[in-house]
Amino acid sequence: MNKFFVLVKKEIKELITIEMILPLIIMVVMFASIGNLLSSETKKMATPQALWIINEDGSSSANEAIEELKKAKYEIVLFNQKIEPVLKEAKQKNISGVLVFSPGFGQGIEKFEVQKIKLYSIVSNFSLISSIKSQGTMTAIGVVNRHFLDEWLKNKNINIKADDLIQPVGLEEYVVIGDKQAKIPLAQAMNFITKQTTLIPIILFMVIILAAQMVAMSVANEKENKTLETLLSSPVDRKTIVFAKLFSAGLVAILFSGVYMIGFNYYINGISGGALSSPAGQDIGQVMSDLGVSFGIGSYALLGISLFFGILVALAIAIILGILVESVKSVQAVTTPLMILVLLPYFLIMFLDINTVSSAIKYLLYAIPFSHPFLAAQKIITHDYLFIIYGIVYQAFIFLIFVIIAAKIFSSDKVFTLRLGKKKSEIKN
Amino acid sequence: MQKILEVKNLKKNYGNLEAVKGVSFDIFENEIFGLVGPNGAGKSTVLKIIATILSMNGGQVLLCGEDLQKNSDKIRRMISYLPEEAGAYKNLTGLDYLNFMAAIYTDDRKKQKEFLEFGKEISNLGSRLKDKAKTYSKGMTRKLMLARAVMSRPKLAILDEPTSGLDVINGFEIRKIIKRLADEGMAVLLSSHNMLEVEFLSEKVAMIDKGEIKAEGSPLELKNRYNSQNLEEVFIKIANY
């Protein structure tokens with residue numbers, strides 16, 4: 001046991017270097033900064049939006065429309081100038097749009113004639129934030145439309161609200177999960193689940209790839225530097241060497257992923273802050289909990305175990321791949337098939353409904369040990385815990401097979417003679 | 001003198017290639033035994049088999065009476081192997097590396113300290129031991145590697161091309177250390193294609209070519225037997241080049 005820790009200490013010292021830590025810190029700071037920036041931009045958008053209006057008409061109808069916009073929390077700034085100087089100023093002050101009520105607007109409305117408001121959308125960049133701001137200006141037109149539709153209906157003695165006329169059939173949404181149901185829009189329920197599970201595939205992908213590359217790189221490095229020959233001729237059990245490598249790479253990968261996760265969390269909270277927030281007055285967390293969709297410690301523990309075995313399988317395969325290469329330069333190429341094996345279930349599960357795909361695809365997915373953590377995230381929602389446990393047992397079985405193969409290779413000549421693309425006879429003697 | 005190593009009819013194949021074809025020799029304590037031959041002659045393979053990192057296809061290797069095939073774990077405690085052009089772990093300091101290897105060879109803290117002190121003395125790297133191994137020159141790395149190989153005072157040190165690629169000064173220092181260790185009782189098996197170096201270092205030499213030992217004896221015996229000025233000439237004559 002003592003030698004295991006001696007080896008682990010050495011492995012960790014080799015893995016955690018300033019060259020490794022620096023990009024990690026930069027990445028985390030970058031993601032956290034982007035997240036914070038997006039979050040503050042989203043908050044800014046939630047505050048009353050500035051709307052510049054040129055009222056060339058001056059009629060009571062135009063004034064009514066402006067009052068309605070004020071009620072709808074728009075910060076109205078009125079101008080009596082021509083459009084050009086207003087646009088120039090709007091550009092300078094980063095205003096996204098200018099509305100113009102043309103002469104005759106009020107008269108037309110009173111005659112029940114369809115009128116047009118001119119909207120000048122100022123495009124200064126093509127960012128997502130800019131696009132959302134422009135949509136805010138468009139919403140202002142909707143406010144005006146609803147107001148005049150209400151007015152027209154009143155004048156025609158029709159006792160009906162504009163919203164009801166536009167959408168005479170409303171929707172009362174219920175979401176059913178398992179044997180439980182709750183009154184909540186499907187989109188909101190899905191948004192909640194997405195928010196809870198978005199990080200899982202990202203982390204899974206990152207940890208597996210990072211850990212696999214680390215261990216493959218470690219073996220390739222040892223082969224290239226011939227430190228492996230030194231180590232294998234020393235009084236230490238070969239299996240201990242294999243396990244120390246697996247343990248250290250897994251540990252460092254989990255540590256690094258934890259740090260990545262913090263950065264990503266900031267980022268995702270930043271980009272999803274508005275879109276995934278619950279509507280006022282409704283505790284979505286409670287509603288989802290009533291539906292049985294609660295990601296408690298038990299759920300996360302099951303997910304964690306599935307993820308842990310996914311990492312172990314990747315490590316055991318990667319250590320064998322590391323043996324196959326002659327230099328560290330080849331590590332990237334040799335671990336590519338492993339990355340594909342992780343990416344394939346990620347995309348298939350993201351885009352396909354596992355319950356309706358053909359049996360061939362379903363069993364292919366089940367056969368890939370990296371599918372199970374992705375599937376576990378879904379199965380937790382439907383409370384299919386047995387499936388998750390079977391998945392973990394399957395992953396453990398696959399890990400055992402590969403780790404036995406790795407230990408056997410390390411205990412034989414094959415650790416030096418196995419290689420890709422060269423014949424055994426080419427070995428130096 | 002005690003016999004440390006006994007190699008009997010050692011054979012090794014790589015697929016259809018017979019890399020070693022029945023090699024036999026003995027090494028005694030205090031002895032530096034040189035295995036010389038051109039590239040691809042089978043020197044490194046013989047050394048790797050004795051170092052327990054390659055298996056054999058035939059023959060027997062005994063170290064202090066212990067059979068390598070039956071007791072490789074026991075043998076690993078008595079030997080130390082320095083591969084050709086071996087490097088250290090790049091992100092460890094020289095001191096970290098010696099510490100690590102000392103802990104691999106023994107769990108006893110007191111012995112670890114002894115190994116470390118001896119390793120520091122042999123490496124003669126002084127304060128540079130606190131620097132990372134990746135900053136070392138080739139000569140410094142080789143000294144560190146040699147220090148690592150002998151610090152546990154093995155019964156047999158297996159050194160593959162110990163001075164390969166080194167300049168005159170570093171090569172001279174390494175040779176001096178090897179001589180000193182043998183004088184202190186260590187048996188040394190070294191391989192080299194530098195016959196002049198082996199002539200200077202070794203009490204006994206085996207000339208290997210195409211997986212077979214063509215001649216064995218002290219450098220003086222071999223030179224007299226083949227009426228040659230030096231071992232290079234001996235080799236050319238016996239190998240019919």
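The model is a predicted one. In chain B, six strands make up an open sheet with mixed pairing, and helices α1(B) and α9(B) are described with it. In chain A, the helix pair consists of α13(A) and α17(A), whose axes come within 9 Å.

**The sheet of chain B**

- The strand order of the open sheet is β6-β7-β8-β3-β9-β10 in chain B, and its edges are formed by β6 (79–82) and β10 (212–217) of chain B, each of which pairs on one side only.
- Between neighbouring strands of this sheet the average turn is 15°, with direction ignored.
- Strand β9 of chain B, which spans residues 204–209, runs antiparallel to β10(B) and is joined to β10(B) by five bridges; Ile208(B) has Ile213(B), in β10(B), as its bridge partner.

**Helices on the sheet**

- Helix α1 of chain B, residues 43–50, lies across β3 (32–36), β6, β7 (156–160), β8 (187–192) and β9 of chain B, and makes an angle of about 150° with β7(B).
- Helix α9 of chain B, residues 231–239, also packs on the sheet, where α9(B) touches β9 and β10 of chain B and is directed at about 40° to β9(B).

**The helix pair of chain A**

- Helix α13 (residues 297–324) and helix α17 (residues 385–410), both of chain A, have axes that cross at roughly 20°; because angles under 35 degrees count as roughly parallel, α13(A) is roughly parallel to α17(A).
- The crossing of α13(A) and α17(A) is left-handed, and the residues of their contact comprise 23 nonpolar, three polar and no charged.

How values were computed. Residues are numbered from 1 along each chain as its sequence is written. Chains are lettered from A and ligands numbered from 1 in the order in which they are written. This is a predicted model: local features need pLDDT of at least 70, side-chain atom pairs count only at pLDDT 80 or more; totals for chains, interfaces and linings use all residues. Side-chain values use heavy atoms; hydrogens and water are left out. Two strands pair if DSSP finds at least two bridges between them. Helices (H or I, at least four residues) and strands (E, at least two) are DSSP runs, numbered from the N terminus. Axes are lines fitted to C-alpha atoms, for helices over the stretch in contact, and angles run from 0 to 180 degrees between N-to-C directions. Contact means heavy atoms within 4.5 Å. Angles under 35 degrees count as roughly parallel, over 145 as roughly antiparallel, 65 to 115 as roughly perpendicular and the rest as oblique. A crossing is left-handed if the near helix is turned anticlockwise from the far one by less than a right angle, and right-handed if clockwise. Ala, Val, Leu, Ile, Met, Phe, Trp, Tyr, Cys and Pro count as nonpolar, Asp, Glu, Lys and Arg as charged, and the others, Gly among them, as polar.
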